[in-house]
Amino acid sequence: MKPLLLSLYTPSSFLDGFKDSSQFDLGNLTVREFPDQESYIKYDSDVKKRNLVFIVALDKPNTKFLPLIFALKTARELGASNIGLVVPYLPYMRQDKQFLSGEAVTSKYFSKMLADSIDWLITIDPHLHRYHSLNEIYQIPTTVLHANDLIANWIQHHVSSPLIIGPDSESEQWVATIAKTINTPYKILEKTRKSDNIVQIKFPNLNDYQDFTPVLVDDIISTGTTMIEVIKHLKNIKMKAAPICIGVHAIFAHHAYENILAAGAKSVITCNTIEHVSNAIDMSILIKNCLTNIKF
Ligand code: R5P
């Protein structure tokens, strides 16, 4: 029997490619709030003895997580054989160590709670900084997909003479790959985060790259502080072209998107792991290809 595809909080634009697929049966699940804001969950499709694939948008996770866990636990109780979760953006990855005494390392607790209710997980570019692999916190099979090739393809088709810039050491993992794919130079900056809204960045000498178009690439754009700090510096050193900012995960807390544009970015482009007006690089194809290769 084909796997049953279910979705929660995922925009229909992301799901369109899956609806036509002969690979899945499409399942229905009702999740709504009671007047007291507790969650009501009901499977409208029979999940007994079925392999389930849930595609779930988990940005702004606090209000989505509890209904999701209820839905997963219900599926188990109704007799689902196997439950897989596809989360294009995997939240709670950034608090990966105790920076100050008394702090919660939420990445560990979140992963444990999620993994307790599923059999496997697929995600795109999770924030792996102090963790080198998801296996360090997820005790279930996980697959990590990368946006690199699709970002490289976008840059190749939209930017002439790109200089790829990564704002901090961990960005080298994707920046170097993208630059190599399209055979263009790259630079990695040194960032120290002082607080949510304050970062200090050390810049290399960019004199030899004045005629290039700076393309800043980061995994997450949250407050926009990182991007804005880099844009300010590029303006100061009078690079000829305004920078293009690319993020995989479009969190854009508060007015981050508008602030980055106001700081002087030529454009802000993101992948559609989180729905946002800046989405220009489609990731659903990556997930569809990955699911095609799974033997259910
Ligand atoms: C952090 O290490 C990440 O890779 C991003 O650089 C960071 O999340 C960006 O955050 P913000 O937009 O708040 O500066």
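This is a predicted model: local features need pLDDT of at least 70, side-chain atom pairs count only at pLDDT 80 or more; totals for chains, interfaces and linings use all residues.
**View A. Helix α5 and its cover.** Helix α5 spans residues 172-181, and its buried residues are W174, V175, I178 and A179. Seen down the axis of α5, these buried residues fall within an arc of 125°, so they line one face of the helix. Just after α5, residue N183 takes a positive phi of about 55°.

**View B. The surroundings of the ligand.** The ligand is surrounded by 15 residues, and the closest are E170, D218, D219, T223 and T226. Which side chain has an N or O atom 2.5 Å from an oxygen atom of the ligand? That side chain belongs to D218. An N or O atom in the side chain of R94 is 2.7 Å from an oxygen atom of the ligand, and for the side chain of R193 the corresponding distance is 2.7 Å. Taken alone, the ligand exposes 370 Å², of which the protein buries 95%.

**View C. The open sheet of parallel strands.** Six strands form this open sheet, in the order β2-β1-β5-β6-β7-β8, and their pairing is parallel. The edges are held by β2 (25-26) and β8 (142-145); each has a single partner strand, so one side of each is left without a neighbour in the sheet. Strands of a sheet pair through backbone hydrogen bonds, either parallel or antiparallel.

View D. Strand β1 (residues 4-8) runs parallel to strand β5 (residues 51-56), and five bridges join the two. Within this pair, S7 stands opposite I55 in β5. Residue Y9 is found in the loop between β1 and α1 (12-19). Most residues other than glycine have a negative phi. Y9, a residue other than glycine, has a positive phi, near 65°. Y9 is partly exposed, with a relative accessible area of 33%.

**View E. F252 in the loop between β14 and α7.** The loop that holds F252 lies between β14 (244-250) and α7 (256-263). Although F252 is not a glycine, its phi is positive, at about 45°. Is F252 buried or exposed? At 7% relative accessibility, F252 counts as buried, because buried means under 20% relative accessible area.

**View F. T273 and its contacts.** T273 is placed in the loop between β15 (267-271) and β16 (279-281). This residue is buried, with a relative accessible area of 5%. Which residues are in contact with T273, leaving aside its neighbours within four places in sequence? They are P88, Y89, I124, V248, H249 and M283. With V248, the side chain of T273 reaches the backbone oxygen at 3.3 Å. With H249, a polar contact of 2.8 Å joins the two side chains.

Conventions
Residues are numbered from 1 along each chain as its sequence is written. Side-chain values use heavy atoms; hydrogens and water are left out. Buried means under 20% relative accessible area, exposed over 50%, partly exposed in between (1.4 Å probe, protein chains only). Helices (H or I, at least four residues) and strands (E, at least two) are DSSP runs, numbered from the N terminus. The arc is that of the directions from the helix axis to the C-beta atoms. A residue is near a molecule or strand if one of its heavy atoms lies within 4 Å of it. A polar contact is a pair of N or O atoms within 3.5 Å; within protein, one must be able to donate a hydrogen and the other to accept it, and residues adjacent in sequence count only if both atoms are side-chain atoms. Accessible areas come from the Shrake-Rupley method with a 1.4 Å probe; for residues, only the protein chains shown count as cover. Two strands pair if DSSP finds at least two bridges between them. Contact means heavy atoms within 4.5 Å.
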